[in-house]
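Q: Could you take a close look at one part of this model for me? I'd like to know how it sits among its neighbours.

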Amino acid sequence: MSRKPVIAGNWKMHNLQQAAIDLTNGIMQELKSEDKNALPEVIIAPTFTSLYAANKALRDCGCGKVRLAAQNCYFEEKGAFTGECSVQMLKDTGCEYIIIGHSERREYFGETDEMVNKKAKSILAEGLVPIICCGESLAQREAGVTDYHIASQITKALRDLSASDVAKSIIAYEPIWAIGTGKTCDSTEANRVIAMIRNVVKGLYDANTADSIRILYGGSVKPNTIKEQMAQSDIDGALVGGASLTADSFAQIVKGAM
Ligand code: PEP
């Protein structure tokens with residue numbers, strides 16, 4: 001089965017509104033001469049306060065080559081949840097995808113596997129796509145529990161989801177020790193873990209679902225690493241942090257996935 005590649009830029013807590021507009025326009029400019037159908041699914045994830053501005057820039061351009069994601073959401077629809085944003089609110093701002101379970105959210109904001117599962121359900125119920133992050137710490141890797149830990153994260157994140165919902169979801173395997181450190185995980189090892197994740201999905205569901213779900217690698221992806229990563233059998237794209245913050249490097253990564 002051929003899966004459409006995905007390149008998603010996680011801007012984290014960067015970019016005021018004007019900077020978000022400039023970066024969005026810059027990316028679209030870089031991709032201007034590319035055939036839309038040949039491009040991977042290109043996604044940008046600005047911070048909450050820049051989503052509206054980035055969405056307006058995308059709509060003003062109208063090229064349809066770049067899509068919008070949020071970096072987080074809350075699983076309740078509405079109510080007394082000060083400081084939170086529901087999936088419906090993010091959809092209303094133009095988001096089609098939402099990143100959940102990023103290691104920074106797990107580490108600094110107490111996001112648990114159970115919360116990731118509730119968020120995934122709310123996102124899918126609104127017709128959006130969850131980008132479900134998983135990954136091991138250096139201590140877990142050194143202790144030899146990488147596969148066990150990730151299989152457990154994925155099993156809990158997908159609990160009670162239907163096969164058709166899982167088939168349209170995206171998983172991002174992001175070894176924590178590779179995020180923002182410049183230490184990229186060896187491509188064959190990233191591919192091995194991603195194939196293991198696909199096998200977990202197959203065990204929970206079926207071969208079709210496992211063949212359909214897109215699984216990305218994330219962790220210090222750069223223009224000069226993407227081709228080797230994309231050449232692997234099971235890596236369907238990348239979740240990119242630092243290198244998504246300039247139009248030139250992000251566009252090079254996008255083009256490297258074509
Ligand atoms: C990320 O935060 O999802 C990430 C992969 O960051 P970086 O590319 O900077 O390692």
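Which helices and strands do the buried residues of H7 pack against?

A: Keep in mind that this is a predicted model. The buried residues of H7 pack against helix H4 (103–109), helix H5 (113–125), strand E5 (129–134), helix H6 (138–142), strand E6 (170–173) and H9. The residues of H7 that are buried are Thr146, His149, Ile150, Ala151, Gln153, Ile154 and Ala157.

As for the helix itself, H7 covers residues 146–157, and its twelve residues should span 16 Å at 1.5 Å a residue; the end C-alpha atoms are 16 Å apart, so the two agree.

Now for the cores. Ile154 is among the residues that touch the most other members of the largest nonpolar core, which has 65 residues; Ile7, Ile27, Ile98, Ile171, Ile197 and Tyr217 are in that group too. Helix H9 (residues 187–204) gives the most to this core, with seven residues. Apart from it there's another core, of 14 residues, and Ala8, Val129, Ile170 and Leu216 are among them.

That brings us to strand E6, where Ile170 has its place. Ile170 counts as buried because its relative accessibility is 0%. Leaving out residues up to four places away in sequence, Ile170 touches Val6, Tyr97, Val129, Pro130, Ile131, Ile132, Arg214 and Leu216. Then there's Cys133: it is 37 residues from Ile170 along the chain, with 8.7 Å between their C-alpha atoms.

Key:
Residues are numbered from 1 along each chain as its sequence is written. This is a predicted model: local features need pLDDT of at least 70, side-chain atom pairs count only at pLDDT 80 or more; totals for chains, interfaces and linings use all residues. Side-chain values use heavy atoms; hydrogens and water are left out. A nonpolar core is a set of buried Ala, Val, Leu, Ile, Met, Phe, Trp, Tyr and Cys residues joined through side-chain atoms within 4.5 Å. Buried means under 20% relative accessible area, exposed over 50%, partly exposed in between (1.4 Å probe, protein chains only). Helices (H or I, at least four residues) and strands (E, at least two) are DSSP runs, numbered from the N terminus. The expected span of a helix is 1.5 Å times one less than its number of residues. Contact means heavy atoms within 4.5 Å.
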